[in-house]
Amino acid sequence: MTDRKTIAIVDMDGVLLDLHLDGARLRGTLNALVAEHGLTFEGRGLLTDISAMCAQLSERDPEAGTRLRERLWALIDEEEARCAPKASLHPSARELLDGLGEVPVALYTNNHQACALAALRAVGIDPGRFFAIKARPGASSIKPAAEPVLEVLAHPAAAGTQRAFLIGDHVADM
């Protein structure tokens, strides 16, 4: 697996490190915010359903939908920023990266870019190990979105790729 025709695309949180996000607390905070507009995250994904929920609100009040979307993403970004410096290395993460040897590796995460960089540094993984880091710039990049993977495959370091391995801890990573 050491030829340049093979690349690996690795998830961050849950594979390389653990952010220790308090998902229940974050969900409660976000739910309280959307409840003010008669909406709920109950039975819905936080990251995957923000756009749909805000679009629903925008049908009634476009400005409110925009403000809510901005506030929800800001709260998620704040929680990630709070957790990133305290991230812990996931068991076997170093062995995984070492085992990939010369295989070019890209990182694809649902976390925002600043969080990804801070968390990698906090656990002692050099972000330079990755030929590309695809982090969440917004709803269009939430896994299993194809666009970030296609961008990785279009990167010069992935030129001529015949095999790409996706390494993750959730079905959405695949």
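A residue counts as buried when its relative accessible area is under 20%, as exposed when that area is over 50%, and as partly exposed in between. The structure described here is a predicted model.

- Four strands form an open sheet in the order β5-β4-β1-β6, with parallel pairing.
- Strands β5 (132-134) and β6 (163-167) stand at the edges with a single partner strand each, so one side of each has no neighbour in the sheet.
- From one strand to the next, the twist averages 20 degrees.
- Five bridges join β1 (residues 6-10) to β6 in the parallel sense, and Thr6 stands opposite Arg163 in β6.

- Arg67 forms a salt bridge with Glu63, their closest N and O atoms being 3.8 Å apart. Both residues lie in helix α3 (residues 62-83), four residues apart, or about one turn of the helix.
- Arg67 is partly exposed because its relative accessible area is 49%, whereas Glu63, at 58%, counts as exposed.
- Glu78 forms a salt bridge with Arg71, with 3.7 Å between the closest N and O atoms. Glu78 is partly exposed at 45% relative accessibility, and Arg71 is partly exposed at 38%.

- In the salt bridge of Arg136 with Asp77, the closest N and O atoms are 2.2 Å apart. Arg136 lies in the loop between β5 and α6 (147-154) and Asp77 in helix α3, so the pair ties together parts 59 residues apart in sequence.
- Arg136 is buried, with a relative accessible area of 5%, while Asp77 is partly exposed at 28%.

**A network**
- Salt bridges link Asp22, Arg25, Glu79 and Arg82 in a network.

Definitions and conventions: Residues numbered from 1 in each chain as written. Predicted model: local features only at pLDDT ≥ 70, side-chain atom pairs only at ≥ 80, totals over all residues. Heavy atoms only, no water. Pairing = 2+ DSSP bridges. Helix = DSSP H or I, 4+ residues; strand = E, 2+ residues; numbered from the N terminus. Axes fitted to C-alpha atoms, helices over the stretch in contact; angles between N-to-C directions. Salt bridge = Lys/Arg side-chain N within 4 Å of Asp/Glu carboxyl O. Buried < 20%, exposed > 50% of the residue type's maximum accessible area, 1.4 Å probe, protein only.
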